[in-house]
Amino acid sequence: MAAELQATDLHKAKPEIWLNDLLSKQRKALRQAGTPDYKKRIDALKALKKGLLDHQDEWVAAVSADFGNRSAHETVLAEIFVVVSEIDDAIKHLRSWMKPTIERAVWQYAPAVTKILYQPKGVVGVIGAWNYPIQLNLGPVVGAVAAGNHVMVKPSELAPKTAALMEDIISHSFPTSYVTVCNGDVDVSAAFSSLAFDHICFTGSTRVGKIIMRNAAENLVPVTLELGGKSPAIVGTDAISKMAAARIARGKFLNAGQTCVAPDYVLVHEAMRDQLVADLRDKVAQAYGNVAENDDYTHIVCEPHYQRHKDLVADAQEKGATIISACGGESVPDDARRMFPPTLILNPTDDMRVMQEEIFGPLLPIKTYNAIDEALDYVNDHDKPLALYYFGENKKNQDYVLENTLSGGVTINDTLYHLPQPNLPFGGVGPSGMGHYHGHFGFLEFSKQKPVFIQSRLSFLDLLTPPYGRIMNTALRILVGFRSNAAKVKVANAPKMVKEKRNQ
Ligand code: NAD
């Protein structure tokens with residue numbers, strides 16, 4: 001019987017009861033304490049920052065243990081720094097973000113006033129992915145807390161050590177009824193996404209994104225879906241090959257390609273391919289040397305993903321691709337440590353799995369084109385990507401690519417860097433996601449932007465009331481060019497008039 005179970009057993013046996021109970025507690029606390037004021041939100045943001053900065057070594061160790069090996073520098077740069085700069089931006093701007101936007105109503109309603117109030121939606125559920133297990137869970141918490149919400153977080157079960165540390169640190173930084181971490185397996189994620197939250201922010205695959213949206217639909221919970229997909233890097237004929245190669249390699253092999261906005265594949269002009277491949281190999285060799293011995297190179301998070309990489313390469317090879325180790329012949333996969341070396345795949349074709357599914361790892365297919373429109377058609381024939389990268393010096397060519405493609409975000413002449421900008425909305429489009437967060441956009445996403453119309457004591461609108469007559473006719477003439485004799489038309493004649501009008 002559930003009543004006789006210990007709390008932890010109950011979590012495992014009936015996650016929906018445990019989670020619903022937490023949600024009720026958070027709702028009740030929010031109702032009782034009222035909307036968190038400016039000071040409470042600032043204190044929360046500072047507590048979050050302290051939890052990150054005071055425990056850097058533990059975070060680095062936990063993430064590295066989850067991956068088998070993850071560079072300490074990459075954890076601090078791509079996780080702790082990214083979230084801390086989001087927090088700093090929120091602290092800097094929170095007062096102005098919270099201020100209602102007050103404006104005069106448009107002239108037709110003058111002298112009334114309109115205002116937009118930014119109110120917390122309530123309790124926000126955050127479901128994160130494993131690949132940046134700090135950033136993707138605590139990043140949305142920044143926006144949610146800044147907007148005055150209470151938050152429940154469900155980290156991925158594939159980064160369990162980081163998830164456990166997060167639960168520990170957050171439980172010492174916040175009351176459970178304010179911000180809490182709910183750990184467990186996929187059944188916990190499923191129960192979590194079925195709760196009647198006031199908003200869900202999900203980061204993960206497009207496949208699971210559909211499940212989350214279906215579950216949320218049962219309670220009409222609004223969702224932000226931060227999903228994945230195949231993000232192309234297009235190298236134009238006016239690109240500087242060495243620079244493009246260095247920046248593609250940096251974006252691709254950071255975290256061993258396990259980055260949602262990593263360039264998934266390259267589209268390069270036929271005539272430039274060999275030079276680009278040579279430059280990529282030079283750059284990777286220079287960055288990682290003997291990759292097997294290099295702590296700067298991250299390993300693959302778990303056995304199924306590691307095996308998936310082997311299968312992708314075998315499939316491509318079988319179907320005619322040329323496979324090149326990007327850092328020299330000595331770099332081979334190391335099964336025992338789940339280390340998969342940077343690998344280039346030349347002559348990829350559409351029947352290969354590497355061109356059909358998101359790679360999410362250190363394999364880089366390099367496809368050629370003969371004219372830029374051919375490259376853009378290829379991109380536009382597929383799902384809208386989360387990110388798109390274009391390398392080329394000519395501004396007209398840059399604009400042409402920007403105008404003729406649609407993606408979640410774009411970086412020109414580099415990779416990844418549109419993501420950590422607090423002044424840019426981050427999010428996908430269509431199959432790569434919906435909604436945005438980061439900076440002010442996160443604050444807005446987790447707020448109800450409540451419109452308020454404040455009428456004045458004397459209002460012209462009071463005259464627009466039945467029985468309609470001269471004043472109403474004049475008003476409508478000014479507003480829409482209304483002809484007063486139109487009001488005399490009998491209702492019964494209306495369909496005939498519409499027909500006559502269509503035939504004119
Ligand atoms: P995933 O979709 O497998 O899992 C993400 C989360 O969903 C996990 O917390 C998991 O517990 C939960 N989940 C899994 N099955 C579920 C179910 N049936 N019901 C409810 N919840 C469930 O994704 P992943 O492997 O953790 O991450 C990789 C994917 O995430 C890639 O596609 C990547 O591009 C994408 N991603 C996107 C962003 C972004 O910001 N757009 C960032 C990182 C990763």
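Tutor: Between domain 1 and domain 2 the number of salt bridges is zero, a salt bridge being a side-chain nitrogen of Lys or Arg within 4 Å of a carboxyl oxygen of Asp or Glu. The side of domain 1 that touches domain 2 draws at least two residues from each of α4 (56–67), α5 (72–98) and α15 (439–445). Helices (H or I, at least four residues) and strands (E, at least two) are DSSP runs, numbered from the N terminus. With five residues, α5 makes the greatest contribution to this side of domain 1. By class, the residues on this side are seven nonpolar, seven polar and six charged; here Ala, Val, Leu, Ile, Met, Phe, Trp, Tyr, Cys and Pro count as nonpolar, Asp, Glu, Lys and Arg as charged, and the others, Gly among them, as polar.

The model is predicted: local features need pLDDT of at least 70, side-chain atom pairs count only at pLDDT 80 or more, and totals for chains, interfaces and linings use all residues. Residues are numbered from 1 along each chain as its sequence is written, and side-chain values use heavy atoms, with hydrogens and water left out.

The two partners belong to a chain divided into domain 1 (38–227 + 440–450), domain 2 (232–427) and domain 3 (464–503), with bounds taken from an automatic or database domain assignment. A distance of 29 Å separates the C-alpha centres of domain 1 and domain 2. In contact (heavy atoms within 4.5 Å) are 20 residues of domain 1 and 26 residues of domain 2. The size of an interface is often given as the accessible area lost when the parts come together. Here the buried area is about 1,900 Å², with 54% given by carbon and sulfur atoms; this is the accessible area (1.4 Å probe) that two parts lose on being put together, summed over both.

Nine residue pairs, both members at pLDDT 80 or more, are in polar contact across this interface. A polar contact is a pair of N or O atoms within 3.5 Å; within protein, one must be able to donate a hydrogen and the other to accept it, and residues adjacent in sequence count only if both atoms are side-chain atoms.

Although the interface has zero salt bridges, the whole structure has 18.

A polar side-chain atom of Glu157 is 2.5 Å from a ligand oxygen atom. A polar backbone atom of Gly128 lies 2.7 Å from an oxygen atom of the ligand, and for an N or O atom in the side chain of Trp130 the distance to a ligand oxygen atom is 2.7 Å.
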